[in-house]
Amino acid sequence: MTIERILLIRHGQTDWNVEGRWQGYEPVPLNQEGWTQAKMVAQSMRGRLVGSIVSSDLPRAYETASAIGHVLGLEPRADERWREFNMGIFQGNTRDEIIRKFPDEWHGFQSDYWDFHIPSGESRRMLQNRIYGAWQALLESAVGPEVVVVSHGGSLKTLLLRLFPDFPGIDGVHLGNTSITTLERVPHGWHPAQVASVEHLAVASNDETGEAAL
(Lines give C-alpha, C1' and ligand atoms only; values in the text may rest on other atoms or scores of the structure.)
Protein backbone atom coordinates (compact mmCIF):
# COMPACT_ATOMS: atom_id res chain seq x y z
CA MET A 1 0.00 0.00 0.00
CA THR A 2 1.29 3.46 -0.91
CA ILE A 3 2.91 5.36 1.94
CA GLU A 4 1.03 8.59 2.58
CA ARG A 5 2.39 9.59 5.98
CA ILE A 6 5.62 8.87 7.91
CA LEU A 7 5.89 9.46 11.65
CA LEU A 8 9.48 10.06 12.78
CA ILE A 9 9.72 9.41 16.51
CA ARG A 10 12.68 9.91 18.82
CA HIS A 11 13.17 7.27 21.53
CA GLY A 12 12.13 7.79 25.16
CA GLN A 13 14.35 9.15 27.91
CA THR A 14 17.44 7.36 29.25
CA ASP A 15 19.60 7.96 32.30
CA TRP A 16 22.32 9.22 29.99
CA ASN A 17 19.90 11.81 28.58
CA VAL A 18 19.36 13.06 32.11
CA GLU A 19 23.12 13.09 32.84
CA GLY A 20 23.97 14.81 29.55
CA ARG A 21 26.11 11.89 28.38
CA TRP A 22 26.62 11.48 24.65
CA GLN A 23 25.17 8.09 23.77
CA GLY A 24 25.95 7.50 20.12
CA TYR A 25 26.14 3.77 19.39
CA GLU A 26 26.17 2.79 23.06
CA PRO A 27 23.37 0.30 23.93
CA VAL A 28 21.70 2.46 26.58
CA PRO A 29 18.17 1.33 27.62
CA LEU A 30 15.17 3.44 28.54
CA ASN A 31 14.85 4.54 32.15
CA GLN A 32 11.56 4.50 34.05
CA GLU A 33 10.49 7.88 32.68
CA GLY A 34 11.47 6.72 29.20
CA TRP A 35 9.18 3.70 29.48
CA THR A 36 6.35 5.97 30.63
CA GLN A 37 6.95 8.23 27.62
CA ALA A 38 7.08 5.21 25.29
CA LYS A 39 3.70 4.02 26.56
CA MET A 40 2.26 7.51 26.12
CA VAL A 41 3.42 7.84 22.53
CA ALA A 42 2.18 4.30 21.89
CA GLN A 43 -1.29 5.19 23.14
CA SER A 44 -1.33 8.20 20.82
CA MET A 45 -0.94 5.80 17.89
CA ARG A 46 -4.27 4.06 18.55
CA GLY A 47 -6.59 4.31 15.58
CA ARG A 48 -3.84 5.26 13.14
CA LEU A 49 -3.45 3.33 9.90
CA VAL A 50 0.11 2.19 10.56
CA GLY A 51 1.22 -0.62 8.27
CA SER A 52 4.79 -1.00 9.49
CA ILE A 53 7.22 0.08 12.21
CA VAL A 54 10.94 0.45 11.52
CA SER A 55 13.41 1.14 14.31
CA SER A 56 17.04 1.63 15.12
CA ASP A 57 18.34 -1.57 16.68
CA LEU A 58 19.77 0.26 19.71
CA PRO A 59 17.83 -0.64 22.90
CA ARG A 60 16.42 2.80 23.69
CA ALA A 61 14.86 3.06 20.23
CA TYR A 62 13.77 -0.56 19.85
CA GLU A 63 12.16 -0.56 23.29
CA THR A 64 10.18 2.53 22.32
CA ALA A 65 9.20 0.91 19.02
CA SER A 66 8.16 -2.27 20.84
CA ALA A 67 5.80 -0.29 23.08
CA ILE A 68 4.19 1.17 19.96
CA GLY A 69 4.09 -2.23 18.30
CA HIS A 70 2.36 -3.74 21.33
CA VAL A 71 -0.50 -1.24 20.98
CA LEU A 72 -0.78 -1.59 17.21
CA GLY A 73 -0.28 -5.36 17.02
CA LEU A 74 2.82 -4.97 14.83
CA GLU A 75 6.37 -6.28 15.21
CA PRO A 76 8.99 -3.54 14.72
CA ARG A 77 11.68 -4.24 12.16
CA ALA A 78 15.17 -3.34 13.40
CA ASP A 79 17.49 -1.57 10.98
CA GLU A 80 20.94 -0.50 12.18
CA ARG A 81 21.07 2.26 9.56
CA TRP A 82 18.64 4.22 11.75
CA ARG A 83 21.15 4.28 14.63
CA GLU A 84 22.31 7.49 16.30
CA PHE A 85 25.42 9.45 15.29
CA ASN A 86 28.46 7.24 15.95
CA MET A 87 30.42 9.57 18.25
CA GLY A 88 33.38 7.26 18.74
CA ILE A 89 35.72 8.44 21.50
CA PHE A 90 33.17 11.03 22.70
CA GLN A 91 30.61 8.40 23.67
CA GLY A 92 29.84 7.97 27.36
CA ASN A 93 31.15 11.43 28.23
CA THR A 94 29.43 14.71 29.00
CA ARG A 95 30.25 17.80 26.95
CA ASP A 96 32.56 19.13 29.67
CA GLU A 97 34.34 15.78 29.93
CA ILE A 98 34.86 15.69 26.17
CA ILE A 99 36.35 19.18 26.14
CA ARG A 100 38.72 18.23 28.97
CA LYS A 101 39.75 14.80 27.65
CA PHE A 102 39.86 15.49 23.92
CA PRO A 103 40.56 19.22 23.38
CA ASP A 104 42.04 18.83 19.88
CA GLU A 105 39.25 16.58 18.68
CA TRP A 106 36.65 18.89 20.20
CA HIS A 107 38.13 21.84 18.33
CA GLY A 108 37.95 19.90 15.06
CA PHE A 109 34.39 18.84 15.79
CA GLN A 110 33.37 22.45 16.36
CA SER A 111 35.30 24.02 13.47
CA ASP A 112 34.35 21.53 10.72
CA TYR A 113 30.67 20.86 11.38
CA TRP A 114 29.93 18.41 8.59
CA ASP A 115 33.20 16.68 7.81
CA PHE A 116 35.19 16.22 11.03
CA HIS A 117 35.50 12.45 11.47
CA ILE A 118 35.36 11.64 15.18
CA PRO A 119 38.04 9.02 15.95
CA SER A 120 36.45 5.55 16.12
CA GLY A 121 33.18 7.14 14.96
CA GLU A 122 31.93 9.04 11.93
CA SER A 123 31.36 12.57 10.63
CA ARG A 124 27.99 14.29 10.47
CA ARG A 125 28.06 13.98 6.69
CA MET A 126 28.63 10.23 6.98
CA LEU A 127 25.70 10.08 9.40
CA GLN A 128 23.47 12.05 7.04
CA ASN A 129 24.35 9.83 4.08
CA ARG A 130 23.62 6.72 6.16
CA ILE A 131 20.27 8.03 7.35
CA TYR A 132 19.26 9.20 3.89
CA GLY A 133 20.05 5.72 2.59
CA ALA A 134 17.79 4.27 5.30
CA TRP A 135 15.08 6.76 4.27
CA GLN A 136 15.29 5.72 0.61
CA ALA A 137 15.12 2.03 1.56
CA LEU A 138 12.10 2.78 3.75
CA LEU A 139 10.22 4.35 0.85
CA GLU A 140 10.87 1.27 -1.25
CA SER A 141 10.01 -1.43 1.28
CA ALA A 142 7.74 -0.21 4.09
CA VAL A 143 4.01 -0.88 4.17
CA GLY A 144 1.65 2.10 4.42
CA PRO A 145 -0.51 4.05 4.40
CA GLU A 146 1.28 5.23 7.56
CA VAL A 147 4.76 4.22 8.69
CA VAL A 148 6.36 4.71 12.10
CA VAL A 149 10.14 5.18 12.32
CA VAL A 150 11.76 5.20 15.76
CA SER A 151 15.26 6.63 15.78
CA HIS A 152 17.42 9.22 17.55
CA GLY A 153 17.66 12.98 17.87
CA GLY A 154 20.87 13.46 15.91
CA SER A 155 19.90 11.03 13.18
CA LEU A 156 16.44 12.47 12.63
CA LYS A 157 17.74 16.03 12.71
CA THR A 158 20.27 15.37 9.94
CA LEU A 159 17.58 13.64 7.88
CA LEU A 160 15.29 16.66 8.20
CA LEU A 161 18.14 18.96 7.18
CA ARG A 162 18.67 16.81 4.07
CA LEU A 163 14.99 16.62 3.14
CA PHE A 164 13.95 20.18 3.98
CA PRO A 165 17.00 22.48 3.93
CA ASP A 166 14.86 25.53 3.18
CA PHE A 167 12.07 24.87 5.69
CA PRO A 168 11.96 27.81 8.17
CA GLY A 169 13.55 27.02 11.52
CA ILE A 170 14.41 23.41 10.76
CA ASP A 171 18.07 23.88 11.73
CA GLY A 172 17.09 25.08 15.21
CA VAL A 173 14.41 22.55 16.03
CA HIS A 174 14.83 20.40 19.16
CA LEU A 175 13.56 16.83 18.91
CA GLY A 176 12.58 15.92 22.47
CA ASN A 177 12.18 12.40 23.78
CA THR A 178 9.28 10.63 21.99
CA SER A 179 8.63 13.73 19.89
CA ILE A 180 6.69 13.03 16.70
CA THR A 181 7.56 14.65 13.38
CA THR A 182 4.87 13.95 10.79
CA LEU A 183 5.79 13.96 7.11
CA GLU A 184 2.99 13.87 4.55
CA ARG A 185 3.21 12.97 0.88
CA VAL A 186 2.60 15.85 -1.52
CA PRO A 187 2.64 15.85 -5.35
CA HIS A 188 6.39 16.45 -5.59
CA GLY A 189 7.75 14.74 -2.49
CA TRP A 190 7.19 15.22 1.23
CA HIS A 191 6.07 18.02 3.52
CA PRO A 192 6.71 18.37 7.29
CA ALA A 193 3.12 18.73 8.50
CA GLN A 194 4.16 18.69 12.17
CA VAL A 195 7.63 18.93 13.70
CA ALA A 196 8.77 17.69 17.12
CA SER A 197 5.30 17.45 18.66
CA VAL A 198 5.08 16.19 22.26
CA GLU A 199 1.36 16.86 22.64
CA HIS A 200 0.80 13.21 23.58
CA LEU A 201 2.84 13.72 26.77
CA ALA A 202 0.75 16.71 27.84
CA VAL A 203 -2.53 14.97 27.00
CA ALA A 204 -1.54 11.88 28.99
CA SER A 205 -0.51 14.03 31.96
CA ASN A 206 -3.81 15.91 31.89
CA ASP A 207 -5.79 12.67 31.63
CA GLU A 208 -4.00 11.25 34.67
CA THR A 209 -4.82 14.30 36.78
CA GLY A 210 -8.41 14.47 35.63
CA GLU A 211 -7.91 17.76 33.83
CA ALA A 212 -9.41 18.39 30.44
CA ALA A 213 -6.90 18.22 27.60
CA LEU A 214 -6.97 21.50 25.69
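Leu8 stands opposite Thr181 in strand E5, within a pairing of strand E1 (5-10) and E5 (residues 180-186) that runs antiparallel and is joined by five bridges. Two strands are taken as paired if DSSP finds at least two bridges between them, and the elements themselves are DSSP runs numbered from the N terminus, with helices (H or I) of at least four residues and strands (E) of at least two. The model is predicted, so that local features need pLDDT of at least 70 and side-chain atom pairs count only at pLDDT 80 or more, while totals for chains, interfaces and linings use all residues. Residues are numbered from 1 along each chain as its sequence is written, and side-chain values use heavy atoms, with hydrogens and water left out.

**Strand pairing**

E5 also pairs with E6, in the antiparallel sense and over six bridges, and E5 and E6 form a hairpin with two residues between them. Strand E2 (residues 50-55) is joined to E4 by five bridges in a parallel arrangement, and to strand E3 (residues 77-78) by two bridges, again parallel. The table lists these pairings, each with one pair of residues that stand opposite each other.

| Pair | Sense | Bridges | Opposite residues |
|---|---|---|---|
| E1 and E5 | antiparallel | five | Leu8 and Thr181 |
| E5 and E6 | antiparallel | six | Thr182 and Gln194 |
| E2 and E4 | parallel | five | Ser55 and Val150 |
| E2 and E3 | parallel | two | Val54 and Arg77 |

Five of the six residues of E2 are buried, so E2 is largely enclosed by the rest of the structure; here buried means under 20% relative accessible area, exposed means over 50%, and partly exposed lies in between, with a 1.4 Å probe and protein chains only.

Helix H6 covers residues 124-141, and its 18 residues should span 26 Å at 1.5 Å a residue, which agrees with the 26 Å between its end C-alpha atoms; the expected span is 1.5 Å times one less than the number of residues. The buried residues of H6 are Arg124, Leu127, Gln128, Arg130, Ile131, Ala134, Trp135, Ala137 and Leu138.

Trp135 and Leu138 are also, together with Ile6, Leu8, Trp82, Phe90 and Phe109, the residues that touch the most other members of the largest nonpolar core, which has 34 residues. At least two residues of this core come from each of E1, helix H5 (103-111), H6, strand E4 (146-151), helix H7 (153-163) and strand E6 (189-197), and the largest share, five residues, comes from H6. A second, separate core of 17 residues includes Leu7, Ile53, Ile68 and Val71. A nonpolar core is a set of buried Ala, Val, Leu, Ile, Met, Phe, Trp, Tyr and Cys residues joined through side-chain atoms within 4.5 Å.

**The largest pocket**

The largest pocket holds about 680 Å³ of space, a volume being the space filled by probe spheres set on grid points that are joined across faces, edges and corners. On a 1 Å grid over the protein atoms alone, a pocket is an open set of points with protein on both sides within 12 Å along at least five of seven lines, and its lining residues have an atom within 4 Å of a point. There are 25 lining residues, and Arg10, Glu84, Met87, Gly153 and Gly154 lie nearest the centre of the pocket. Helix H1 (15-19), H6 and H7 are the elements that give two or more residues to this lining, with the largest share, five residues, coming from H7.

**Backbone details**

In general, most residues other than glycine have a negative phi, and most peptide bonds are trans. The peptide bond from Gly144 to Pro145 is cis, with omega near 10 degrees, and Pro145 is found in the loop between H6 and E4. Thr178, in the loop between H7 and E5, has a positive phi of about 60 degrees although it is not a glycine, and Thr178 is buried with a relative accessible area of 0%. Ala196, in strand E6, likewise has a positive phi of about 60 degrees without being a glycine, and its relative accessible area of 17% counts as buried. Gly108, found in helix H5, is buried at 11% relative accessibility; Gly108 and Ile118 are 10 residues apart in sequence, and their C-alpha atoms are 8.7 Å apart in space.

Conventions
On a 1 Å grid over the protein atoms alone, a cavity is a set of points where a 1.4 Å probe fits but cannot get out, and a pocket is an open set with protein on both sides within 12 Å along at least five of seven lines; lining residues have an atom within 4 Å of a point.
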